[in-house]
Amino acid sequence: MCRLVLLGPPGAGKGTQAVKIVEEYQIPHISTGDIFRMNIKEGTALGKKAKEFMDKGELVPDSLVVDLVRDRLEAEDCKNGFLLDGFPRTVYQAEELDKYLSEKNLNLTKVIDIYAGEDVLFERMIGRRVCKNCGAPYHIKNMPPKKEGICDRCGGEVYQRADDTEETVKNRFEVYNKQTKPLVEYYENAGNIVHIDGTIGLENVFASIVRIVGA
Ligand code: AP5
Ligand code: MG
Ligand code: ZN
């Protein structure tokens, strides 16, 4: 049973590792960013609201995020664990998650903080491409799809995210430092956080995660 949170700055490799982690542990991948992007694609009311914030690199207001995640965690497939990617992202969200889990008498197994310097992250995000259909991440240099523009996993269209422009990326770092980084201390106090160097190569990062989370 694994209940995991992936923490870390934009571009640290949360989405990349998530794909591998959920396969290894057979748990659902819950990425709030992916959920919002799906809503934008489908033109829902939530998507329209979220897009205003995402395109600027700002956080979507807590009020739009917390209930969404609570509902998602109620689904049957979360009974045997889950992987949260990009949630929580504010101290308020972390407190709400703690409230939800304690209501159910559950704990987080581990909070995995993937870290890397901003210069590395910047380069990654500018080169990132993503599958429009399944969200699988690619990089034009480090991890290109086998066929240009086409997802290896599902055959979907591989595109550049609207928030992966230079200016927006810079703002996302600022927002991370101000609003999300305090969570490192929050979980340090809770005693269940581990820190993993995100620059040691995809496979090595994954091996470190598996070593820490266990079988
Ligand atoms: P979200 O989608 O969560 O974006 P993010 O946190 O900014 O993180 P990214 O997805 O950009 O990076 P990643 O760590 O997943 O890196 P990846 O694996 O793709 O959120 C987007 C927006 O939604 C937010 O700005 C906000 O507006 C909103 N939002 C979402 N959740 C919210 C919440 N809880 N509250 C409020 N608002 C919320 O990797 C990046 C690139 O690097 C890829 O190209 C990859 O191929 C490459 N790469 C990865 N690992 C390696 C490696 N080890 N070596 C070399 N290259 C690598
Ligand atoms: Mg991601
Ligand atoms: Zn795909």
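Biologist: Which element gives the most to the lining of the second largest pocket?
Modeller: This is a predicted model. In it, α2 gives the most to that lining, with 5 residues.

Biologist: How many residues line the second largest pocket, and which lie nearest its centre?
Modeller: The lining has 18 residues. Nearest the centre are Arg37, Met38, Ile40, Tyr159 and Arg161. The elements giving two or more residues to this lining are α2 (32–42), α3 (45–54) and β5 (128–131).

Biologist: What volume does the second largest pocket have?
Modeller: About 330 Å³.

Biologist: How do the lining residues divide into nonpolar, polar and charged?
Modeller: There are 8 nonpolar, 2 polar and 8 charged residues in the lining of the second largest pocket.

Biologist: New topic. Which residues have the most contacts inside the largest nonpolar core?
Modeller: Leu73, Phe82, Leu84, Leu97, Leu108 and Tyr187. The core has 28 residues.

Biologist: Take Leu73. What is Leu73 in contact with, leaving aside neighbours within four places in sequence?
Modeller: Leu73 touches Ile30, Cys78, Phe82, Leu84, Leu97 and Tyr100.

Biologist: Which residues in α7 are buried?
Modeller: Among them are Val169, Phe173, Val175 and Tyr176. Thr168 and Asn171 are buried too.

Biologist: What covers the buried residues of α7?
Modeller: The cover includes β1, α3, α6 (118–127) and α8.

Notes:
Residues are numbered from 1 along each chain as its sequence is written. Chains are lettered from A and ligands numbered from 1 in the order in which they are written. This is a predicted model: local features need pLDDT of at least 70, side-chain atom pairs count only at pLDDT 80 or more; totals for chains, interfaces and linings use all residues. Side-chain values use heavy atoms; hydrogens and water are left out. On a 1 Å grid over the protein atoms alone, a cavity is a set of points where a 1.4 Å probe fits but cannot get out, and a pocket is an open set with protein on both sides within 12 Å along at least five of seven lines; lining residues have an atom within 4 Å of a point. Grid points are joined across faces, edges and corners, and a volume is the space filled by probe spheres set on the points. Helices (H or I, at least four residues) and strands (E, at least two) are DSSP runs, numbered from the N terminus. Ala, Val, Leu, Ile, Met, Phe, Trp, Tyr, Cys and Pro count as nonpolar, Asp, Glu, Lys and Arg as charged, and the others, Gly among them, as polar. A nonpolar core is a set of buried Ala, Val, Leu, Ile, Met, Phe, Trp, Tyr and Cys residues joined through side-chain atoms within 4.5 Å. Buried means under 20% relative accessible area, exposed over 50%, partly exposed in between (1.4 Å probe, protein chains only). Contact means heavy atoms within 4.5 Å.
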